[in-house]
Each structure stands twice: as structure tokens, then as C-alpha cells.
Amino acid sequence: MAAIRASQLGFKTAVVERENLGGICLNWGCIPTKALLKSAQVMEYIQHSKDYGVTVGDAKADFPR
Ligand SMILES: Cc1cc2nc3c(=O)[nH]c(=O)nc-3n(C[C@H](O)[C@H](O)[C@H](O)COP(=O)(O)OP(=O)(O)OC[C@H]3O[C@@H](n4cnc5c(N)ncnc54)[C@H](O)[C@@H]3O)c2cc1C
């Protein structure tokens, strides 16, 4: 994030990364977390679909590992 901002501000920028390019937010924190939370929310909607007047067949979670 800092590198993107530095570049936006016109600084000549280089990134040195020891693990995964993109850091915590892209690879582990913000984005994967939000994707998992959304999947869990959708699963809960399905499990309680009758509360919304909707009938749904069998549903199973198929999350990537
Ligand atoms: C579960 C979780 C959810 C989050 N959700 C949100 C959210 O919804 N919204 C939000 O705004 N923020 C969120 N955050 C916070 C966000 O992830 C951080 O604020 C952001 O990642 C900080 O970015 P950064 O570039 O400063 O550091 P980082 O993303 O930590 O990047 C630092 C990088 O430096 C590398 N590094 C470290 N030491 C060295 C070294 N000696 N040599 C080479 N490379 C090195 C690391 O491998 C890492 O990739 C969340 C964090 C977590 C843990």
C-alpha cells in the first residue's frame, strides 16, 4: 500500500518483498477475510431461506483451501 501511494505521489518506487507480493491485505487480511465472511453470510441465508419465503435444495460449502 505504501509503495502504491508513494508511486501515486510521483516518487520513484521499488518493492522488496520476502514473502507474497501485495502484503497482508491482499493475501491474508482484508480481501480473503471479507470473501470468507461473505461466503458464510450466503450460507446462513441459504440455511434460513424459509424465513425469507424461499425454498432451497441441498447446499454445501466448497471453500478453497
Ligand atoms: C485479518 C485482517 C483483516 C484486515 N482487514 C482490513 C480491512 O478490511 N481494511 C483495512 O483497511 N485494513 C485491514 N487490515 C489491515 C491491513 O491488512 C494493513 O493495514 C495493511 O496490510 C498494511 O499494509 P502495509 O503495506 O503497511 O503492510 P503489510 O501488508 O504487512 O506488508 C508488509 C510486507 O513486508 C514484507 N516484509 C516484512 N519484512 C520484510 C523484510 N525484511 N524484507 C522484505 N519484505 C519484508 C512482508 O512479507 C509483507 O508482505 C486487516 C488486517 C488483518 C490481519
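Visitor: In which helix is Ile 46 found?
Guide: A quick note to begin with: this is a predicted model, where local features need pLDDT of at least 70 and side-chain atom pairs count only at pLDDT 80 or more, while totals for chains, interfaces and linings use all residues. Residues are numbered from 1 along each chain as its sequence is written, and side-chain values use heavy atoms, with hydrogens and water left out. Helices here are DSSP runs of H or I with at least four residues, numbered from the N terminus. On that basis, Ile 46 belongs to helix H3.

Visitor: What is the relative accessible area of Ile 46?
Guide: Buried means under 20% relative accessible area, exposed means over 50%, and partly exposed lies in between, with a 1.4 Å probe and protein chains only. Ile 46 counts as partly exposed because its relative accessible area is 29%.

Visitor: How far apart in space are Ile 46 and Asp 58, C-alpha to C-alpha?
Guide: In sequence, twelve residues separate the two. In space, the C-alpha distance between Ile 46 and Asp 58 is 9.2 Å.

Visitor: Let's turn to the ligand. Which helices each supply at least two residues of its shell?
Guide: The ligand is surrounded by 14 residues, the closest being Glu 17, Arg 18, Ile 24, Cys 30 and Lys 34; a residue is near when one of its heavy atoms lies within 4 Å. By class, the shell has six nonpolar, four polar and four charged residues. The helices that each supply at least two of the shell residues are H2 (23-27) and H3 (30-47).

Visitor: How much of the ligand's area does the protein bury?
Guide: Polar contacts are pairs of N or O atoms within 3.5 Å. Oxygen atoms of the ligand lie 2.9 Å from a polar side-chain atom of Lys 34, 2.9 Å from a polar backbone atom of Ile 24 and 3.4 Å from a backbone N or O atom of Cys 25. Taken alone, the ligand exposes 1,000 Å² (Shrake-Rupley method, 1.4 Å probe). Of that area, the protein buries 47%.

Visitor: Is Ser 49 buried or exposed?
Guide: Ser 49 sits in the segment after H3, and its side chain reaches the backbone oxygen of Val 54 at 2.9 Å. Because its relative accessibility is 8%, Ser 49 counts as buried.

Visitor: And is Tyr 52 buried or exposed?
Guide: Tyr 52 also lies in the segment after H3. Together with Tyr 45, Val 54 and Val 56, Tyr 52 forms a nonpolar patch on the surface, with about 400 Å² of accessible area in total. Such a patch joins nonpolar side chains within 5 Å, from residues with over 30% relative accessible area and no salt bridge (a side-chain nitrogen of Lys or Arg within 4 Å of a carboxyl oxygen of Asp or Glu). Since its relative accessibility is 54%, Tyr 52 counts as exposed.

Visitor: What distance separates the C-alpha atoms of Asn 27 and Tyr 45?
Guide: Asn 27 is in helix H2 and is partly exposed, with a relative accessible area of 34%. Along the chain, Asn 27 and Tyr 45 are 18 residues apart, and their C-alpha atoms are separated by 27 Å.

Definitions and conventions: A polar contact is a pair of N or O atoms within 3.5 Å; within protein, one must be able to donate a hydrogen and the other to accept it, and residues adjacent in sequence count only if both atoms are side-chain atoms. Ala, Val, Leu, Ile, Met, Phe, Trp, Tyr, Cys and Pro count as nonpolar, Asp, Glu, Lys and Arg as charged, and the others, Gly among them, as polar. Patches are made of residues with over 30% relative accessible area and no salt bridge: like charges are joined within 9 Å, nonpolar side chains (Val, Leu, Ile, Met, Phe, Trp, Tyr) within 5 Å.
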